[in-house]
Amino acid sequence: MTLQEYDYACESPSKLAASCLLLALTMKNLGGWTPTLEYYSGYSAQDLHSLVKRLNFLLTYQPHDKLNAVCSKYLHR
């Protein structure tokens, strides 16, 4: 979803991936950001908090009617 949004182009790919993982862990109640994840990613949960909030907003509140080409390209069953 972030491929369609220019606002996320300035974020580093590693921080974006870590934030997506933290959001997924939180949404699925699979635990939080562990010291192991912090060590290997290089980011603390505090570092990722604002980006996770932006990703959650993008996921839940944005209309999905624009730029459907990227969505359909990566759509799998």
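## Basis of the model

The model is predicted, so local features need pLDDT of at least 70 and side-chain atom pairs count only at pLDDT 80 or more, while totals for chains, interfaces and linings use all residues. Residues are numbered from 1 along each chain as its sequence is written, and side-chain values use heavy atoms, with hydrogens and water left out.

## Overall fold

The chain has four helices and zero strands. Helices (H or I, at least four residues) and strands (E, at least two) are DSSP runs, numbered from the N terminus. Read from that end, the order of elements is α-α-α-α.

Of the contacts in the chain with a separation of 6 or more, 70% are between residues 24 or more positions apart. A contact means heavy atoms within 4.5 Å. For A69 and Q4, 65 residues apart along the chain, the separation is 9.4 Å. A69 lies in helix 4 (residues 68–73) and is exposed, at 58% relative accessible area.

The chain has 77 residues, and 25% of them are buried. Buried means under 20% relative accessible area, exposed means over 50%, and partly exposed lies in between (1.4 Å probe, protein chains only). In soluble globular proteins, nonpolar side chains tend to be buried together.

The largest nonpolar core here is made up of twelve residues: Y8, L16, A18, L22, L23, W33, Y43, L48, L51, V52, L55 and L58. A nonpolar core is a set of buried Ala, Val, Leu, Ile, Met, Phe, Trp, Tyr and Cys residues joined through side-chain atoms within 4.5 Å. Leaving aside residues up to four places away in sequence, L48 touches K15, A18, S19, L22, W33 and Y43.

## The surface

The accessible surface of the chain is about 6000 Å², and 59% of this belongs to carbon and sulfur atoms. Such areas come from the Shrake-Rupley method with a 1.4 Å probe; for residues, only the protein chains shown count as cover.

M1, M27 and L59 make a nonpolar surface patch of about 280 Å². Patches consist of residues with over 30% relative accessible area and no salt bridge; like charges are joined within 9 Å, and nonpolar side chains (Val, Leu, Ile, Met, Phe, Trp, Tyr) within 5 Å. M27 is in helix 1 and is partly exposed at 46%. L59 is in helix 3 and is also partly exposed, at 37%.

## Salt bridge and cysteines

Side chains of opposite charge can pair when their charged atoms come close. The whole structure contains one salt bridge, defined as a side-chain nitrogen of Lys or Arg within 4 Å of a carboxyl oxygen of Asp or Glu. R54 forms this bridge with E11, and their closest N and O atoms are 3.0 Å apart. The pair links distant parts of the chain, 43 residues apart: R54 is in helix 3 (residues 45–61), and E11 is in the segment before helix 1 (13–27). R54 is partly exposed at 31% relative accessibility, whereas E11 is buried at 18%.

Zero disulfides are found in the structure; a disulfide is a pair of cysteine sulfur atoms within 2.5 Å. C10 is exposed, at 65% relative accessibility, and C20 is partly exposed, at 37%.
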